[in-house]
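Hi,

Here is the structure I promised to pass on. Have a look at it first, then read my notes below.

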Amino acid sequence: MSTNNSQNDSFVTRAYQWVNERYKIDALVDYMSHKAVPIHKHSAFYYLGGISLFLFIVQVVTGILLLMYYRPGADSAYESVQFIISTVSFGWLVRAVHSWSANLMILAAFLHMFTVFFTYAYRRPRELTWLSGMGLLGLAMAFGFSGYLLPWNELAYFATRVGTGMAGALPVIGDELLVIMRGGEEVTGATIGRFFGLHVAILPGLFTVLLSVHLIFVQRQGMSEPIEWTEKPESEKKYQKFFPNFLLKDLLVWLIVLNILAVLAVLFPDGIGVMHWPLGVKADPFAPPPAVIRPEWYFMFAFQALKFLPAHILFIEGELFGIIVFSIGGLIWALIPFFDRKSHTGKKPKLVFWFGVLVVVFIIVMTILGYILE
Amino acid sequence: MKNNIIIWMVAGLVAFAVSALAQDNNCLTCHQDFEDEDGPAHKIVRDIHYQKGLLCNDCHGGDPTLEDMDDVRNSKGYHGVPSHFEVPKFCASCHSNARYMHEHNPSLPTDQFDKYKTSKHGQLLFGKKDTKVANCVSCHSVHEIGDAKMPHSSTHPLNVAKTCGKCHADPDYMAEYNIPTTQVQDYLESVHGKALNEDHDLGAPTCNDCHGNHGAAPPGVGSLAAVCGNCHAFQAELFNRSPHKEAFVENDFPMCETCHSNHNIKKPTDEMVGAEEPAVCVRCHESGDGTKGLETAAAMAESIKELVSVRDEAKAVLANAQQKGMMTTDEEFALKDVEQILIQTRTLVHSFNKDEVVVKAKEGLEKAKIVEEKSTSLIDEYFFRRKGLIISSLFITILAIGLYFKIRKLK
């Protein structure tokens, strides 16, 4: 037995040396072994980024599997999704996991963003990590919007018509943008082609690059320490090794998420509650719109807020006014590390905190109203 | 001065023309004054003839420009109110004139009077001088005649039964004709009456669709299959090549009516076919009557019953699969095929040929069994998914627990 172990050890050692001779990975291993992760009452928040990453990987894998049977086009998209669900072995499971992981990834990313915001982890020197994270969230939402249309069912068709119509409300570029997004004046088979290209080629490319940048930033700068630690003596600070301790804990969380994902996908393959994606009936551009047209849950707050606005505010259209306000609000949110000049000194910025509370309350209230009033 | 004279002359001419036009229809001016709201002079404005530009004198004659009623009655061409006997010819003077009608309404036929003469009403009116029978105005009304497409018209499909019922549902009025007066009530309770009057299905027949309108007559025994076959074409074709056709003719049975009755036709049920009560077959057939009637009826009934039973089983299993959230689109389509075959099997009963019914029912049985098998597979798949979930979830949990202890050990 011991002979076997020593043989294995020597094989691993020899393999490591073989790689190290060629790629000099000693430095990387040394760096990893010295990397430490702070331990405090909010340490659990560190796992949210990893959960988002794990769910993204699940989506890439299931997305590739779906790609083998999905056929874009007004005459084939719906039928191919129907075929995947009903005939392809485990096709139903792949689609269910893909949809669940998409929704859970957005949820995890939102939670990740708000925990970073309220712990001021975005503060100097992590401004660019925050910005790249915001970019990733934007891309994730673009993934959701473009993927929603791909089954070419009734609800997706009309929701996309409303969604792209909002882009058309923009001044000067609105009309052109609408045509570019839809591939014409209306949502047609050409729109599926564009959304499909966006969903499986352009967005994954951009996402991978930005994700790499985000992860490199995190690895280079390490995990942000709590703002309360600024004044704390080093002796009172507690850390754990990134490798293997934190990495193994991350793995454990991934396994738990995988288990939750499996249970949800098997018990609710079409989703449940606000996360619901039944295939339903095929899109028919000549059919009257369904009684309830609603976007994905993470767009609901914006959708509902725009519905509340009157037709005209001052001299501009209400919808355009809403889009401008959301754009300004989003920009302020993205640039918050540059506005906040207090947190890096160890003081909590009250204004930023209340701004965050306002945004969270607004999103929650509008989302709830969106589902109640529909 | 010269200009003033011209202006006065033109003004005088205009005034004369206006006064002449105003006097064009003095009939209405006077009659509307002394008639109440239901009087002819008020009703006429809703009449299609008036709306098409015909005036009182176009039917009643006389000079409408005269102001005194006596003068009108004595004027040239006045013929007042035509008698009940005169009405058909009176209306036909225009409606049978193809050239005249072509100018006003080219789509309207001009054979109504000819048909009326062949109708029971026309025969009694012209043959026996019976003025109680219906003439044109009895059905179309007087002075507020409407296009049959208009909902307020007495000849609109939704109003026809009521129009016919004015006489035919009145026992006192119909007493001397010795015919039943329950037809309208029977019809309203029938599958046809309910489809038309309750579901507002204008494709469903009303009185004139079977009896004819201007040539109204009971559809005689021989022509009954043809009358019903207007709509139920496939059933009529099957019946006409069945052994029953000849037998019914020989025995003077009223074809379709023999089994389905006439006015009070109910939605057919599977119990109508068979060798035992309440099947209609036993009304004529009995065992040992020298025909294969009861044997055929029993075989047809058994085939339909079996198909219905297997269809119901397949439907129940499919509903179970649907309830479990499985994708059942293909099975739903296949079940629709079964339903279609069941309809065809029931229709084939009119061939009174058990082989045709059995073969068609067998086709349905096979398809229904496939639906049941596929639905059962979906239910099995549902449980397979859950078992798979339990196994994989257990595996992941064990892995997670192992990892947890490994992490604890690291501490």
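The buried residues of helix 14 of chain A have helix 11 (300–308) and helix 13 (336–339) of chain A among the elements that cover them. Those buried residues are A:Val352, A:Thr367 and A:Gly370; buried means that 20 or more other C-beta atoms, placed from the backbone, lie within 10 Å of the residue's own. Helices here are DSSP runs (H or I, at least four residues), strands are runs of E with at least two, and both are numbered from the N terminus.

A caution before you go on: this is a predicted model, where local features need pLDDT of at least 70 and side-chain atom pairs count only at pLDDT 80 or more, while totals for chains, interfaces and linings use all residues. Residues are numbered from 1 along each chain as its sequence is written, and chains are lettered from A and ligands numbered from 1 in the order in which they are written.

Now for chain B: you'll find 23 helices and zero strands there. Its radius of gyration (taken over C-alpha atoms) is 36 Å, well over the 22 Å that the globule rule gives for 411 residues, so chain B is more spread out than a compact globule. That rule is 2.2 Å times the number of residues to the power 0.38. Along its principal axes, the C-alpha trace of chain B spans about 130 × 85 × 40 Å. Buried residues make up 25% of the chain's 411 residues.

Where do the chains meet? 18 residues of chain A are in contact with 18 of chain B, contact meaning C-beta atoms, placed from the backbone, within 7 Å. Helix 10 of chain A gives the largest share of chain A's side, 13 residues.

Cheers

Note on methods:
Buried ≥ 20, exposed ≤ 12 C-beta atoms within 10 Å, placed from the backbone. Contact = placed C-beta atoms within 7 Å.
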